[in-house]
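I opened my notebook to follow up a few side chains and the elements around them. Have the sequence and the fold at hand, and come along entry by entry.

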Amino acid sequence: MKETVTAPERSNVFLSIGSNTDNRHHNLEVALSELEAHPRISVLTVSQLYETEPLYNRLQPDFLNCAVRIATDLMPHRLLVECQKLERYMGRRPASRKNEPRIVDIDIIFYGDLVIESMNLRVPHRQYSERRFVLTPLNDIAPDFVCPDSGETVRMTFQKCPDSSRVEPYARPDRM
């Protein structure tokens, strides 16, 4: 399916970033630094970090997760390519099975008020409203953002989230 949306000059985008291998905190710092270094991406806000239990494959280490608000003039599919390129640069390998441990995972949760459904990209992210590890940090930085698929705020979506998995603030150094 061909993308037919046009993005504003600089779009407000929300990403979810997680890591559960090696030095998780360092992995998130590297991902954020690389995003900051991209000439067409401005990192505007970063949530606090949360330690979260894995949801689907519980036989793996806990994750560290955060939400990030960026501004970019990259079109949605191009931003996806850049996020995947960053994941590969950091050492992420294609998983042989879904929900395997990973050095970094970067998901586009919202891209402004766009709703996109194509072969390789769905925005808003398909399961964001069912995941506390996405909604908790997102609620930190954008509680009043209106989710374009539901018309509800992030805060309202967070309050209705059926997920009861463990999501705890992570004590971190002052860097982030």
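**Entry 1: Q60 and its surroundings**

I started with Q60, which touches N20, P54, N99, E100 and P101, leaving out residues up to four places away in sequence; contact here means heavy atoms within 4.5 Å. This is a predicted model, where local features need pLDDT of at least 70, side-chain atom pairs count only at pLDDT 80 or more, and totals for chains, interfaces and linings use all residues. Numbering runs from 1 along each chain as its sequence is written, and side-chain values use heavy atoms, with hydrogens and water left out.

Where does Q60 sit? I found Q60 in the loop between β3 (50-52) and β4; helices (H or I, at least four residues) and strands (E, at least two) are DSSP runs, numbered from the N terminus. Q60 is buried at 10% relative accessible area, where buried means under 20%, exposed over 50% and partly exposed in between (1.4 Å probe, protein chains only). I also noted a polar contact of 2.9 Å between the side chains of Q60 and N20. The term covers a pair of N or O atoms within 3.5 Å; within protein, one must be able to donate a hydrogen and the other to accept it, and residues adjacent in sequence count only if both atoms are side-chain atoms.

**Entry 2: strand β1**

Next I looked up β1 and found eight of its nine residues buried. β1 and β4 run antiparallel, joined by nine bridges, and I17 stands opposite C66 in β4. With β5, β1 pairs in the antiparallel sense over six bridges; pairing requires that DSSP finds at least two bridges between two strands. Here F14 stands opposite F110 in β5.

**Entry 3: the cores**

Which residues touch the most other members of the largest nonpolar core? I listed L15, I17, L79 and I108, out of 28 residues in that core. Five elements each supply at least two residues of this core: β1 (11-19), α1 (24-37), β4 (63-72), α2 (76-89) and β5 (105-111). A nonpolar core is a set of buried Ala, Val, Leu, Ile, Met, Phe, Trp, Tyr and Cys residues joined through side-chain atoms within 4.5 Å.

I then checked I108, whose contacts include V13, F14, L15, L79 and L80, as well as R122 and H125, not counting residues up to four places away in sequence. There is a second, separate core of 18 residues, with L55, F110, F133 and I141 among them.

Helix α3 (residues 132-141) came next, and eight of its 10 residues are buried. Among the buried residues of α3 I noted F133, L135, L138 and I141, and also the polar T136 and N139.

**Entry 4: salt bridges**

How many salt bridges does the structure hold? I have 12 in my notes, each a side-chain nitrogen of Lys or Arg within 4 Å of a carboxyl oxygen of Asp or Glu. R92 pairs with E87, their closest N and O atoms 3.3 Å apart. R92 is partly exposed at 24% relative accessibility, whereas E87 is buried at 9%.

E117 and R122 form another, at 3.5 Å between the closest N and O atoms, and R122 is partly exposed at 28%. For E168 and R166 the closest N and O atoms are 3.9 Å apart; E168 is partly exposed at 37%, and R166 is partly exposed at 27%. Last, I traced one network in which salt bridges that share partners join E87, R92, R102 and D105.
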